[in-house]
Amino acid sequence: MRGVALITLMLCVLGHAHSQDANERDIESKLMALERLVRVQALSSKDLSTLNRFLSDEFVLVNIDGVQKNKAELLAYMENLDSLRYSVEEMIVRVHGDTTIVTGLFRSTTVQKGKPSMRQGRFLDTWLNRDGRWLLVASVSIPAS
Amino acid sequence: MKLFYVIMAVVAITLAATAQQESDQGTAAAIRALEKEWTIGQGRNDNRTLNLIFDNRLIYIEYGRLVSKGEYLARIKTEPTTANLVTIENIGVRTFGKTAVVLGTYVEQSAKRKSSRMQRWRFVDTWVYKQNGWVLVAAGATPASR
């Protein structure tokens, strides 16, 4: 009887761990998809509506030049760009409950007032889950070493 | 009677808001202390302290490179304490329940080169409250001119 109880307990623990792993993998996939939506699609197409939806009101960015911008300043900057091409690769996602960290490599080409500028580096994003919605609260862009 | 319930509701909301504000201020103070502990710990090669405040799955971008907790601690262990002097210039903490995001700038003085070069960095650190307290889960800094 004791053996049955022990086996049942072990199965419950393993089942819980498996479900937790599966949940984390789901979140990892979701956040990678969100990063592509926000960074690659929305930035490249100047889709301010999507950016507005996924950046939290408290969002803060430190750009590759070490300048800090809030959400309104970033959206205004985007509006004034002629164009922006953005790509990401080698994303790594770490889930910590309702907080998820995403890092990856990026390349961007911006044209502002006819002047092109190419940058590349690593980004580091902090996402928070609020009432079932993932929102980006902070981001820093770091020049390639 | 209705007025009584309205007054009670207002009092309850005010108390809850005050409690939240005090909690956020307490969190901010705790995070500032941990950031200071990190700077001091690094300067003293105190791997034991750093091991406690870093999450095992920390994502740390150091000089543009992705570094694991193990790699960082191994480097700190062998590096002379005078190799890099870090002075935090300013720091702001934003709290989101069990998550805190820290923004600030620090100046790093590197003794590796003869000229003892100084560099300002603007950083974003993310802390999460887990079973044993606040731990650093992400950190990155980019060179800043001011």
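1. Basis. This is a predicted model, in which local features need pLDDT of at least 70, side-chain atom pairs count only at pLDDT 80 or more, and totals for chains, interfaces and linings use all residues. Residues are numbered from 1 along each chain as its sequence is written, chains are lettered from A and ligands numbered from 1 in the order in which they are written, and side-chain values use heavy atoms, with hydrogens and water left out.

2. Extent of the interface. Chain A brings 28 residues to the contact and chain B brings 26 residues. Contact here means heavy atoms within 4.5 Å. About 2,300 Å² is buried between the two chains, 68% of it on carbon and sulfur atoms. That area is the accessible area (1.4 Å probe) that two parts lose on being put together, summed over both. On the chain A side, A:H96, A:L124 and A:I142 lose the most area to chain B, together 22% of what that side buries.

3. One salt bridge crosses the interface. A:E24 and B:R57 form a salt bridge, with their closest N and O atoms 3.7 Å apart. The rule asks for a side-chain nitrogen of Lys or Arg within 4 Å of a carboxyl oxygen of Asp or Glu.

4. Strands 1 (55–62), 3 (83–96), 4 (99–112), 5 (115–130) and 6 (133–143) of chain A each give two or more residues to the side that touches chain B. Strand 6 of chain A gives the most, with six residues. Helices (H or I, at least four residues) and strands (E, at least two) are DSSP runs, numbered from the N terminus.

5. Chain B has three helices and six strands. From the N terminus on, their order is α-α-β-β-α-β-β-β-β. The C-alpha trace of chain B spans about 80 × 35 × 25 Å along its principal axes. Of its 146 residues, 42% count as buried, meaning under 20% relative accessible area (1.4 Å probe, protein chains only). Among contacts in chain B with a separation of 6 or more, 48% come from residues 24 or more positions apart.

6. A:T100. This residue lies in strand 4 of chain A. A:T100 counts as buried because its relative accessibility is 0%. Leaving aside neighbours within four places in sequence, the contacts of A:T100 include A:I27, A:L31, A:V93, A:W127 and A:W134.

Notes
Buried < 20%, exposed > 50% of the residue type's maximum accessible area, 1.4 Å probe, protein only.
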